[in-house]
Amino acid sequence: MDAWTTVYEEIYTDGHGRGTAAPGLEGWVDALSGRPLPAETMWQWRDATVDRLRGLRPERVLDVGAGTGMIARVLGQEVQSYHAVDLTLAGVKDLVEDPERPASLTFDRCAAHELGARSLPGDRPDLIILNSVVHYFPDRDYLGEVLANLLDLLAPGGVLFLGDLRDARRDPRRLRERALRSEPWAGPERLDELVADLARRDGELALDPWEPGDAHKVRTTVLARCLQDSDLARYRVDVLLRPGDDPARLDHDPEATHRWENLGDDEQARASAARRVLRDEGVVDVPDGLLCPFGPSALEAAGWTPVGSAGVHMSRHSPDRLILTTEPLIPTGHGAHAGHRKQAGDQTGKPQ
Ligand SMILES: C[S@@+](CC[C@H](N)C(=O)[O-])C[C@H]1O[C@@H](n2cnc3c(N)ncnc32)[C@H](O)[C@@H]1O
């Protein structure tokens, strides 16, 4: 933990002094190329994340691992209260010291596991954000302890957002891609060696996106990142955890009426049929175009559904397939009893 505090303090203090990234984007490096991610990619990433969080219509936010305040600086202006914590506040020094800062935006220097009801400045949050933080946690036990604690802190009907989570199901592909970038000429044996070496040296935590929800018996929604192609789009996901919401639904993909392969004879026909049916009905088994040689990217598919990026879910059963739904995200405070969802019916994946 201390090591990460030092790492981040240095990045936030000297990052752009060393010419590594634009101000506010310190520390954001493309895991595939090792170079700072382009500012345009990062601001798109920030906007897409904030849009998704806004869709939950939160009132009281707790942002754990707030970093440079990329989310806090925008969402913090729009909600009743926003409390941001991090191992280091060096990335938000300007905000912490700003005398004009709204009283509803508060900061604290602490680690995720130190949070408790008494350390919060006000009422329980209805949205807790851990965005791009979990992969720095030392191990699964630490994550389990933090999540148990944070899920307890949530107000009834609240949502815990694990954003930018590294998807372990796609990790072998990511490591292969990295290995090939470093030695494009590597033969199969050398490639295996490189992948094994990268896996050994990789200190970041990657998870099956359904694992935290299963472990804590809370309903899980897994959304694809709807972004231009980068490692952030290919290998990361957003996970929403909702305590108290029908645990029987844990293992199910969202309901959808149509199956991609039945929508037409070729890709073009399927894409245009999908756009048409997505005005009111979902589609399952959609190949993720960033990983498959055909099929739409999550970003493209978000433009097809009436609810935008909220409608692009991941399939639990095959990591390279998407599920497109027409249902908006359930706002915080509207848990199992608000009747926002269709009845769990027998329509899932039903061929036409
Ligand atoms: C990649 S930055 C993400 C910043 C921010 N959430 C965002 O999305 O822009 C990761 C941040 O997590 C913080 N962090 C890592 N481990 C933490 C922990 N155990 N408790 C609190 N913060 C932590 C780091 O200090 C760093 O600022």
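This is a predicted model: local features need pLDDT of at least 70, side-chain atom pairs count only at pLDDT 80 or more; totals for chains, interfaces and linings use all residues.
Let's start with β2, which spans residues 81-86 and is mostly covered, with 6 of its 6 residues buried. Look along the strand and you'll see S81, H83 and V85 pointing one way, while Y82, A84 and D86 point the other way. Both sets are buried. In a regular strand, side chains alternate between the two faces of the sheet.

Strand β1 (residues 60-64) runs parallel to β2 and is joined to it by 5 bridges; here V64 stands opposite V85. Strand β3 (residues 105-109) also pairs with β2 in the parallel sense, over 5 bridges.

## Around the ligand

Next, the ligand. There are 21 residues around it, and the ones that come nearest are G65, G67, M70, A112 and N131. Sorted by class, the shell comprises 13 nonpolar, 7 polar and 1 charged residues.

## A closer look at L329

L329 is found in the segment after β11 (321-324). Is L329 buried or exposed? It counts as buried because it has 21 C-beta neighbours inside 10 Å, and the cut-off for that label is 20 or more.

What does L329 touch, leaving aside residues up to four places away in sequence? The answer is G55, L56 and A310. As for L240, that residue is 89 residues from L329 along the chain, and their C-alpha atoms are separated by 9.7 Å.

Technical notes
Residues are numbered from 1 along each chain as its sequence is written. A residue is buried if 20 or more other C-beta atoms lie within 10 Å of its own, exposed if 12 or fewer, and partly exposed in between; C-beta atoms are placed from the backbone. Helices (H or I, at least four residues) and strands (E, at least two) are DSSP runs, numbered from the N terminus. Two strands pair if DSSP finds at least two bridges between them. A residue is near a molecule or strand if its C-beta atom, placed from the backbone, lies within 6 Å of it. Ala, Val, Leu, Ile, Met, Phe, Trp, Tyr, Cys and Pro count as nonpolar, Asp, Glu, Lys and Arg as charged, and the others, Gly among them, as polar. Two residues are in contact if their C-beta atoms, placed from the backbone, lie within 7 Å.
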